[in-house]
Amino acid sequence: MSLNALFDGAAKGHMNAVCITQDHRVFVAEVPVPVPVEDEVLIRPAICGLCGTDLHILHHGFPGSVYPVTPCHEFSGHVVAVGGAVRGLREGDFVAVDPNVTCGTCRWCRAGRPNLCPHLAPIGVARPGAAAEFVTAPARNTFKVRESLGADLAAMIEPLACVLHAVESSQGVKDRDVLVIGGGTMGLLIGIVCESFGAARVTIADPSPIKREIAGRAGIARAVDPADLGEAYFDVVFEAAGVRRALEHALKRVEKTGVLVQVGVHDAEAVVGINPFQVYEREIRLIGSNSLADKFPAAVDVMSDISARAAVMIGETFPVWQFAQAAEAMAAGRGIKTQLNFL
Ligand SMILES: [Zn+2]
Ligand SMILES: [Zn+2]
């Protein structure tokens, strides 16, 4: 499609988009094709990954979400049009997108911590997401990816970028004994990245035998039921389950001077019981890791290195217009990464 033809279409055209309302309804609506402004590109998504955040938006509401919202912030696709000021991207480019649209000028953005920007408006949360025939994104959030990686793996660059931020937040995993609590997308990617960054040993703990089996197929050295961890302690513990019990358990497994990195997205109102004497006695460091900071470009490269292991995690794929069924399958825990296609 030529750029002009597209804009002609956009002026009068409509497209299908998945819409979620505040009262938890999900349906496909006909909405105007978005028109990219000066510094934006228009993308035709190829694959969207479903994420816990999408389920939060559907079932509970998620801080910052603007309803009705078109979900999906993990995606890959092709550029179909570019705004007048865009350089370095053109029609036909295969891309993955950092969904975190920020102001670029506040103290957090300038410090390389755009995830903490007070003006953060993520694609698929506060602005329309990729569960639609077209989506716009700022050019600075859009990264070229080699087509041979595949649209499914390119759509996993976003969670991988979150993982790179979490692993960096841990202040180093080389030669460390690492425990990852939670064997979902984030947990397994953390395990894979820690192994490739030289961790002495990685253990994934998840009560689901299906997830442990997939961890094994992804080449993770050790996957156990949390109940079987016994009294073992670990230098670095990642809590990637997003449930209270997992976080409480994680703290009990941290070795003296060790680090607990909390990556799991908990309900905004959740409160956990922490034993402050343990934190004091063992000089434990508690670190929060929020989204992907500035790690998206690094994740484009790392995904190439770990693509064979990451591919094992891709589970069921649904047509995007069956969003509700896909969300149900994901909530039921069938497989690890549920994806949506546009076939
Ligand atoms: Zn996500
Ligand atoms: Zn900012």
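**Zinc sites, a buried helix and a parallel sheet**

Biologist: Which residues of α2 are buried?
Modeller: A friendly reminder first: this is a predicted model. A residue counts as buried when its relative accessible area is under 20%. The buried residues are Thr53, Asp54, Leu55, His56, Ile57 and Leu58.

Biologist: Let's turn to the metals. Which residues coordinate the zinc ion (ligand 1)?
Modeller: The donors follow the spacing C-x21-H-E along the chain. Their distances to the zinc ion (ligand 1) are 2.1 to 2.4 Å. The coordinating residues are Cys51 (SG), His73 (NE2) and Glu74 (OE).

Biologist: How many residues apart in sequence are the parts tied together by cysteine 51 and histidine 73?
Modeller: Both cysteine 51 and histidine 73 are buried. Cysteine 51 sits in the loop between β3 (40-49) and α2 (52-59), while histidine 73 sits in the loop between α2 and β4 (74-82). The pair therefore ties together parts whose separation in sequence is 22 residues.

Biologist: Which residues coordinate the zinc ion (ligand 2)?
Modeller: Here the spacing of the donor residues is C-x2-C-x2-C-x7-C, and the distances are 2.3 to 2.4 Å. Several of these cysteines are buried, among them cysteine 106 at a relative accessible area of 13%, cysteine 109 at 14% and cysteine 117 at 5%. The donors are Cys103 (SG), Cys106 (SG), Cys109 (SG) and Cys117 (SG).

Biologist: What arrangement do the four donor atoms around the zinc ion (ligand 2) make?
Modeller: Four donors qualify for this label if all angles lie between 85 and 135 degrees. The angles around the zinc ion (ligand 2) are 106 to 116 degrees, so the arrangement is tetrahedral.

Biologist: What is the phi of cysteine 72?
Modeller: Cysteine 72 lies in that loop between α2 and β4, and at 0% relative accessibility it counts as buried. Most residues other than glycine have a negative phi. Cysteine 72 is not a glycine, yet its phi is positive, at about 90 degrees.

Biologist: How far is the sulfur of cysteine 72 from the closest cysteine sulfur?
Modeller: The structure holds zero disulfides, and a disulfide would need the two sulfur atoms within 2.5 Å. The closest cysteine sulfur belongs to cysteine 48, which is too far for a bond, at 4.2 Å.

Biologist: Which strands are at the edges of the six-stranded open sheet?
Modeller: The strand order is β10-β9-β8-β11-β12-β13, with parallel pairing. An edge strand pairs on one side only, and that describes β10 (222-224) and β13 (285-288).

Biologist: What angle does the direction of helix α6 make with that of β9?
Modeller: Strand β9 (residues 201-205) runs parallel to β10, joined by three bridges, and one of its residues, isoleucine 204, has alanine 223 as bridge partner. Helix α6 (residues 185-196) packs on the sheet and touches β8 (177-181), β9 and β11 (234-239). The angle between the directions of α6 and β9 is about 175 degrees.

Biologist: Is threonine 257 buried, partly exposed or exposed?
Modeller: Threonine 257 lies in strand β12 (residues 254-262) and has a positive phi of about 60 degrees although it is not a glycine. Its relative accessible area is 45%, so threonine 257 is partly exposed.

Technical notes:
Residues are numbered from 1 along each chain as its sequence is written. Chains are lettered from A and ligands numbered from 1 in the order in which they are written. This is a predicted model: local features need pLDDT of at least 70, side-chain atom pairs count only at pLDDT 80 or more; totals for chains, interfaces and linings use all residues. Side-chain values use heavy atoms; hydrogens and water are left out. Donors are N, O and S atoms within 2.8 Å of the metal (3.2 Å for Na, K and Ca); water is not among the atoms, so sites may look incomplete. Helices (H or I, at least four residues) and strands (E, at least two) are DSSP runs, numbered from the N terminus. Buried means under 20% relative accessible area, exposed over 50%, partly exposed in between (1.4 Å probe, protein chains only). Four donors count as tetrahedral if all angles lie between 85 and 135 degrees; four count as square planar and six as octahedral if opposite donors are over 155 degrees apart and all others between 65 and 115; anything else is irregular. Two strands pair if DSSP finds at least two bridges between them. Contact means heavy atoms within 4.5 Å. Axes are lines fitted to C-alpha atoms, for helices over the stretch in contact, and angles run from 0 to 180 degrees between N-to-C directions.
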